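Notebook open, structure loaded. I want to jot down what I looked up, one entry at a time.

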Amino acid sequence: VSTPAGRRVLDRARTLLETTDLTVDVVARRCGLRTAETLRRSFLRTLGVPPTDYRRRFALAGYAVRLGSILTSAVLGAAVAFILTIYFLIEGRRTWAWLVAYVPRRNRARVQETADAACRAVLHYVAGNVATSIFAGATVLIVLTILHVPAALLLALLAGVCDFVPVLGFIVSALPAVLLALTVSPTTAVI
């Protein structure tokens, strides 16, 4: 693969292996080679791995890059949310006054009334969520204590915190509780 044409064939094969699910035979034919064995020898000589291993390594690297990208986005999103929260806690009233200044004078009272209603609704939602989380944590603590499940208090705290996340929070908190209940007995885990 020391010739420019050979390098182009190898580059085309690598691209096909990275971006498609075509078999090695089809990749070889699309690159103008007669057999997959020719492609395999070329890969071994140039890259030190056969085409199938190359595809597998590239797929793993792709998953790692995507995971890193997702984690980076999550961390950056959390950081921006944290910074904005701190900012609005410190400068919230001034920012609100600045925004309301752009509303026509005749509508400012209505905007303020709507904002106050929205603030009350959010506060009631948060209060209700806190109440259900406390109830969930207390219920889990009582049930797990009765069933003699280890780390009942820790699992109850986890249930209370995870209860803030709709639907998935319950599943996330139930999984460790069921696994620890299995250490007591399968019947306890089912209950």
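**Val 27 and its surroundings.** I started at Val 27 and listed its contacts, leaving out residues up to four places away in sequence: Ala 13, Leu 16, Leu 17, Leu 22, Leu 39 and Arg 55. This is a predicted model, so I am reading contacts off a prediction, and I checked the confidence further down.

**The core around it.** Which residues of the largest nonpolar core touch the most other members? Among its 15 residues they are Ala 13, Val 27, Leu 39 and Phe 43. Two or more residues each come from helix 1 (4–19), helix 2 (24–30) and helix 3 (36–47). Helix 1 gives the largest share, four residues. I also noted a second, separate core of eight residues, with Ala 152, Leu 155, Ala 181 and Ala 189 among them. The general background I keep in mind here is that nonpolar side chains tend to be buried together in soluble globular proteins.

**Aromatic pairs.** I got a count of three aromatic pairs. One of them is Phe 43 with Tyr 54, edge-to-face, 5.5 Å centre to centre and with 70° between the planes. This pair links distant parts of the chain, since Phe 43 sits in helix 3 and Tyr 54 in helix 4 (residues 51–100), 11 residues apart. Buried or exposed, I asked of Phe 43? Phe 43 is buried, at 0% relative accessible area. Tyr 54 counts as buried too, at 13%.

I then looked at Tyr 87 and Phe 88, which form another edge-to-face pair, 5.3 Å centre to centre with 65° between the planes. Tyr 87 is partly exposed at 39% relative accessibility, and Phe 88 is partly exposed at 43%.

Next I moved to helix 5, where I found Ser 133. What does Ser 133 touch, once residues up to four places away in sequence are left out? The list is Gly 160, Asp 163 and Phe 164. I wrote down a polar contact of 3.2 Å between the side chains of Ser 133 and Asp 163. Ser 133 counts as buried, because its relative accessibility is 4% and the cut-off for buried is under 20%.

Asn 129 is buried, with a relative accessible area of 12%.

**Cysteines.** How many disulfides does the structure hold? I found zero. For the record, Cys 119 is partly exposed at 44% relative accessible area, whereas Cys 162 is buried at 12%.

**Confidence check.** Last entry: the mean pLDDT of the protein is 90, and 99% of its residues reach 70 or more. Where is confidence lowest, and where highest? The lowest mean is 82, in helix 8 (residues 186–190), and the highest is 94, in helix 5 (residues 105–146).

Terms used: Residues numbered from 1 in each chain as written. Predicted model: local features only at pLDDT ≥ 70, side-chain atom pairs only at ≥ 80, totals over all residues. Heavy atoms only, no water. pLDDT = per-residue confidence, 0-100. Disulfide = S-S within 2.5 Å. Buried < 20%, exposed > 50% of the residue type's maximum accessible area, 1.4 Å probe, protein only. Core = buried A, V, L, I, M, F, W, Y, C linked by side-chain atoms within 4.5 Å. Contact = heavy atoms within 4.5 Å. Phe/Tyr/Trp six-rings, centres within 6.5 Å; stacked < 30°, edge-to-face > 60°. Polar contact = N/O pair within 3.5 Å; in protein donor to acceptor, adjacent residues only side chain to side chain.
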